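Work through these exercises with the structure in view. Try each task before reading its solution.

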Amino acid sequence: MTLEGTNTYLYGADPCAVIDPGVEDEAHLEAIRSAAAERGGIGLVLLTHSHGDHTGGADQLGAEVLLPGGGETHAGLRALATPGHAADHVCFLSDDGVCFSGDLVLGLGSTIVPPGGNSLAAFMDSLALLQAEELELMAPGHGPWIEDPAAKLAEYVEHRQMRERRLLAALDRGERSRAALLAEAWDDIPLELLPMAAMAMESHLEKLEGEGRLPDGLTA
Ligand SMILES: [Zn+2]
């Protein structure tokens with residue numbers, strides 16, 4: 001079920017687990033309660049990360065709310081620490097290859113990796129971690145199900161690598177202006193997305209710096 005774009009999932013039965021209850025909205029919470037009632041009630045509310053559009057109604061479902069650490073198993077779901085979009089992000093994996101991917105991998109478009117704490121390096125590690133799993137299906141926090149997880153993961157990796165290649169090419173040529181770097185490495189996006197791209201570029205620059213590959217002298 002979706003509301004304002006956030007997907008909520010019910011997993012298992014007698015009782016079920018609710019994954020990412022979404023925003024605090026009475027109609028949405030009521031829909032969760034009634035769907036869960038048909039599955040023997042709610043035993044546990046699991047969160048993929050602490051952003052408000054996933055957690056808003058969590059406390060109103062009358063069950064324990066948990067954002068587990070990586071390696072923990074709850075309600076038959078294994079949590080995998082997958083920082084990048086958020087530092088506390090986890091994905092939930094079922095025994096039969098379903099991955100509840102939260103905002104790490106989305107059904108539509110590209111996920112945001114805000115700069116700070118070397119988030120993009122962590123994000124790439126998180127994608128690699130999922131690539132090492134046998135996944136049949138991904139159930140993302142936004143957008144439709146992903147029926148070919150391996151292809152989607154490869155696309156996500158390639159997309160960031162493409163940006164990095166373009167950024168490095170401009171840097172290698174001696175470009176040091178952020179505005180020029182952005183215009184060159186993100187020349188294919190609509191104007192209204194430039195602020196998002198500028199943020200993405202900061203994450204890339206941070207990653208390059210962490211790897212000792214960022215030259216000095218960057219300007220605005
Ligand atoms: Zn989020």
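**Exercise 1.** Is His-85 buried or exposed?

*Solution.* This is a predicted model. Start with the cut-off: buried means under 20% relative accessible area. His-85 has a relative accessible area of 10%. Therefore His-85 is buried. Now try His-51. Its relative accessible area is 29%. His-51 is therefore partly exposed.

**Exercise 2.** Find which residues coordinate the zinc ion, and decide how their donor atoms are arranged.

*Solution.* Begin with the donors. They are His-49 (NE2), His-51 (ND1), His-85 (NE2) and Asp-103 (OD). They lie at 2.2 to 2.4 Å. Next, take the angles. The four donor atoms subtend 86 to 172° around the zinc ion, which makes the arrangement irregular. Then look along the sequence. The spacing of the donor residues is H-x1-H-x33-H-x17-D. His-51 and His-85 link distant parts of the chain, 34 residues apart. His-51 sits in the loop between strand S5 (42-46) and helix H2 (52-55). His-85 sits in the loop between strand S8 (77-81) and strand S9 (90-93).

**Exercise 3.** Work out which side of helix H1 is buried.

*Solution.* First, place the helix. H1 covers residues 26-37, twelve residues in total. From first C-alpha to last, H1 reaches 16 Å, close to the 16 Å expected. Second, list its buried residues: His-28, Leu-29, Ile-32 and Ala-36. They cover an arc of only 100° around the axis, so they lie on the same side of H1. Third, check the other side. There Ala-27 and Ala-37 are exposed. Last, inspect the N-terminal end. Asp-25 caps H1 there, with a side-chain oxygen 3.1 Å from the backbone nitrogen of Ala-27.

Key
Residues numbered from 1 in each chain as written. Predicted model: local features only at pLDDT ≥ 70, side-chain atom pairs only at ≥ 80, totals over all residues. Heavy atoms only, no water. Helix = DSSP H or I, 4+ residues; strand = E, 2+ residues; numbered from the N terminus. Expected span 1.5 Å × (residues − 1). Buried < 20%, exposed > 50% of the residue type's maximum accessible area, 1.4 Å probe, protein only. Arc of directions from axis to C-beta. Polar contact = N/O pair within 3.5 Å; in protein donor to acceptor, adjacent residues only side chain to side chain. Donors = N, O, S within 2.8 Å, 3.2 Å for Na, K, Ca; no water. Tetrahedral: all angles 85-135°; square planar, octahedral: opposite > 155°, others 65-115°.
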